[in-house]
Amino acid sequence: ELAEKILIGTRELNSFITNLLDFARPLKLIRKKENFSDIMNKAISFSMSYPKNKPGQIKIKKCYEDKIIHYIDGQLLFRLFLNILINAYEAMEGNGTCFIRISKIRNIKKIKKADKTIKSLNYSESQPFALISIRDTGPGISKDFLEKIFNPFITSKTFGTGLGLPMVQKIVEAFNGRIDVITSTGKGTEFKCFIPLGD
C-alpha cells in the first residue's frame, strides 16, 4: 500500500514537472500526417487510467462526424485532448458524462457566441477548421473564475497545479487556433477547440 502511494506521488510529481517545463519553453511543432480520431481515442484510453482522477463512473459518448487526417503535431494534439479530458473528469468529481465530438467546419462565423473566447495572434477565419468539442456534466464555471481559468497556477482543485488549461491555450495558440468556452452553472462546461486545416 505504501509502495502504491509512493508510485502515485511520483507520477503526479513527474506530471507537474513535465507540465511546468513544457509551459516555460517555446513549443516546437513536429508535423506529420495524423488522424484526429485516433489521437482522441488514445487520449481517452490514457485519461481513464489516470491515477489522480479515478474516473470510475465517467461515461464517454463519442461522435466523430468527420474523418480528419491532417499534418499536425500529434503529440501536442494528444496533450491538448488529455488536459481537457482530465479537467472535465475533475470537474465532475469522477461521476458524470463526457460528450466528445470531432467535426470539420468551413464557416466559423456561424458558430454561436461563447462565454469566453481565446484566439491566437495568427488566427484567421478564412480557412477550414477541425472542431473538437469536449463537454462535461459538471457544476459549470462561475463568471468570476471563468476569467482566470487560463492563468497559470490558478485552480479550484485542492491538488491541482493550475497548468492544465494554460497548456491547452499554449498548444492551441501554437496551432494558430482558437478556444471557445461555454458554461452554465449546474449544467456543465463545453470546451471547443478550433484547429486550422488550411496549411
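Reader: Which residue does Leu131 stand opposite in S8?

Author: Leu131 faces Phe194 there, where strands are DSSP E runs of at least two residues and helices are H or I runs of at least four, both numbered from the N terminus. This is a predicted model, in which local features need pLDDT of at least 70 and side-chain atom pairs pLDDT 80 or more, while totals for chains, interfaces and linings use all residues. Residues are numbered from 1 along each chain as its sequence is written, and side-chain values use heavy atoms, leaving out hydrogens and water.

Reader: And how many bridges join S6 and S8?

Author: S6 (residues 129–135) and S8 (residues 188–196) are paired antiparallel over 7 bridges; a pair of strands requires at least two DSSP bridges.

Reader: What's the strand order in the sheet?

Author: The sheet is open, has 6 strands and mixed pairing, and runs S2-S4-S6-S8-S7-S5. From one strand to the next, the twist averages 15°.

Reader: OK, which strands does H2 touch?

Author: Helix H2 (residues 36–47) packs on the sheet through contacts with S2, S4 (95–105), S6 and S8, and its direction makes about 180° with that of S2. Contact here means heavy atoms within 4.5 Å, and angles, from 0 to 180 degrees, are taken between N-to-C directions of lines fitted to C-alpha atoms, for helices over the stretch in contact.

Reader: And H3, where does that lie?

Author: Helix H3 (residues 74–91) lies across S2, S4, S6 and S8, and runs at about 170° to S8.

Reader: Is H3 mostly covered or uncovered?

Author: H3 is mostly covered, with 15 of its 18 residues buried, that is, under 20% relative accessible area, as against exposed at over 50% and partly exposed in between (1.4 Å probe, protein chains only). Following H3 comes Glu93, which has a positive phi, near 55°.

Reader: Why does Cys98 count as buried?

Author: Cys98 counts as buried because its relative accessibility is 0%, and Cys193 is likewise buried, at 1%.
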